[in-house]
Amino acid sequence: RRGWGLLSRLRHSPLALSATVVLLALALAGLAADWLAADFFGVGPTAQNLRNGYARPDLTVPALWLGADELGRSQIVRLLYAARISLAVGAGAATLNLTVGVVLGLAAGYYRGRVDDTLQWLASTLRSVPSLFLLLLVAVLFQPGPTMLVLVLGLVSWQGTALFVRGQTLSLREREYIGAARALGASDWRLMTRHLLPNLLPLVVTLAAIDVGAMILAESSLSFLGLGIMPPTASWGNMLTNAAGAMSRAPWLVWGPGGLIFVTVLSLYLLGDAVRDAIDPRLTSGHPAVRKSERAEGGRR
């Protein structure tokens with residue numbers, strides 16, 4: 001029932017609907033990259049044509065709608081294949097981040113004591129080390145690739161999620177329904193999975209939308225530095241790196257990867273913000289509780 005109410009409120013948010021449509025369109029375009037490349041654009045992501053090197057955008061030729069790179073490879077086709085990598089790395093790293101963060105935060109907030117102290121010490125220690133240095137160190141020691149990036153990004157960024165979930169769990173475990181379930185003999189596992197976790201999930205969904213955007217930015221930053229996804233595998237980050245090197249000669253190569261990174265991250269943040277507002281309708285100015293408090297404030301003035 002709670003989930004249907006959340007979806008009902010999201011349906012009335014134009015920003016949330018627009019962001020969802022954009023994200024679904026990007027995901028579907030990435031999944032259909034093979035079919036589009038073969039049957040519509042007529043070229044693959046690695047097909048080279050040196051005569052088209054740095055070709056300008058040409059709307060009469062589908063493969064050159066966004067131009068071509070220095071090797072004559074279709075920019076729009078490579079963007080479709082890069083969407084698979086960038087979105088998969090972002091979603092995978094965010095999933096790993098949330099899984100580790102929720103499990104540790106839930107356990108620390110529920111058991112408290114030494115478990116809580118250990119989590120806070122570990123989180124504080126890892127947060128004191130700049131994430132960029134950790135990412136650079138791992139990228140130098142190990143062969144960069146999609147799987148390695150998912151593991152690295154997910155395992156170095158769970159601290160904020162864990163501390164947030166811990167705080168929410170500390171508050172929820174003192175509620176009356178938790179005490180009633182404990183009095184009826186519910187085990188710790190049942191209390192955490194059946195009573196605490198469902199109440200944390202809406203907040204976790206908000207974190208997930210924001211974290212995916214943050215992970216896509218992190219992947220793009222590492223690829224831009226040459227330490228992320230390595231060519232010939234295309235990602236939005238390494239495509240932006242190649243485009244930056246030819247900025248004076250072919251500035252149109254920046255439009256595709258830069259625009260897609262911007263639109264994707266913006267859509268994820270807008271969707272996360274809409275989910276947060278839908279979880280707590282009091283955040284919207286049209287909610288009766290907000291109008292009542294505003295009237296009371298006006299009366300006191």
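Tutor: A salt bridge here is a side-chain nitrogen of Lys or Arg within 4 Å of a carboxyl oxygen of Asp or Glu. Please keep in mind that this is a predicted model.

Student: What makes the contact of Arg112 and Glu174 a salt bridge?

Tutor: The N to O distance between the side chains of Arg112 and Glu174 is 3.5 Å, and the cut-off asks for a nitrogen of Lys or Arg within 4 Å of a carboxyl oxygen of Asp or Glu, so the pair qualifies. The two partners belong to distant parts of the chain, 62 residues apart, with Arg112 in the loop between α4 and α5 and Glu174 in the loop between α8 and α9.

Student: Why is Glu174 called exposed, and what is Arg112 called?

Tutor: Exposed means over 50% relative accessible area, and Glu174 has 52%, so Glu174 counts as exposed. Arg112 has 38%, which lies between the limits of 20% and 50%, and is therefore called partly exposed.

Student: How do you know that Arg173 also forms a salt bridge with Glu174, and is Arg173 buried or exposed?

Tutor: The closest N and O atoms of Arg173 and Glu174 are 3.1 Å apart, which is within 4 Å, so this pair meets the rule as well. Arg173 has 12% relative accessibility, under the 20% limit, and therefore counts as buried.

Student: What does the salt bridge of Asp116 and Arg166 tie together?

Tutor: Their side chains meet at 2.5 Å, N to O. Asp116 lies in helix α5 and Arg166 in helix α8, so the pair ties together parts that are 50 residues apart in sequence. Asp116 at 7% and Arg166 at 17% are both under 20%, so each is called buried.

Student: How many salt bridges does the rule give?

Tutor: The count comes to six, and salt bridges with shared partners join Asp69, Arg73 and Arg78 into one network.

Student: Why are α2 and α4 called roughly perpendicular?

Tutor: Helix α2, residues 14-31, and helix α4, residues 75-111, pack at an angle of about 115°, their axes being 7 Å apart. Angles of 65 to 115 degrees count as roughly perpendicular, and the value for α2 and α4 is therefore placed in that class. The crossing of these two helices is left-handed.

Student: Which residues of α2 and α4 meet?

Tutor: Leu26, Ala27, Ala29, Gly30 and Leu31 in α2 meet Leu80, Ala83, Arg84 and Leu87 in α4. By class, this contact has seven nonpolar residues, one polar and one charged.

Methods:
Residues numbered from 1 in each chain as written. Predicted model: local features only at pLDDT ≥ 70, side-chain atom pairs only at ≥ 80, totals over all residues. Heavy atoms only, no water. Axes fitted to C-alpha atoms, helices over the stretch in contact; angles between N-to-C directions. Helix = DSSP H or I, 4+ residues; strand = E, 2+ residues; numbered from the N terminus. Parallel < 35°, antiparallel > 145°, perpendicular 65-115°, else oblique. Left-handed = near helix turned anticlockwise from the far one by under 90°. Contact = heavy atoms within 4.5 Å. Nonpolar A, V, L, I, M, F, W, Y, C, P; charged D, E, K, R; others polar. Buried < 20%, exposed > 50% of the residue type's maximum accessible area, 1.4 Å probe, protein only.
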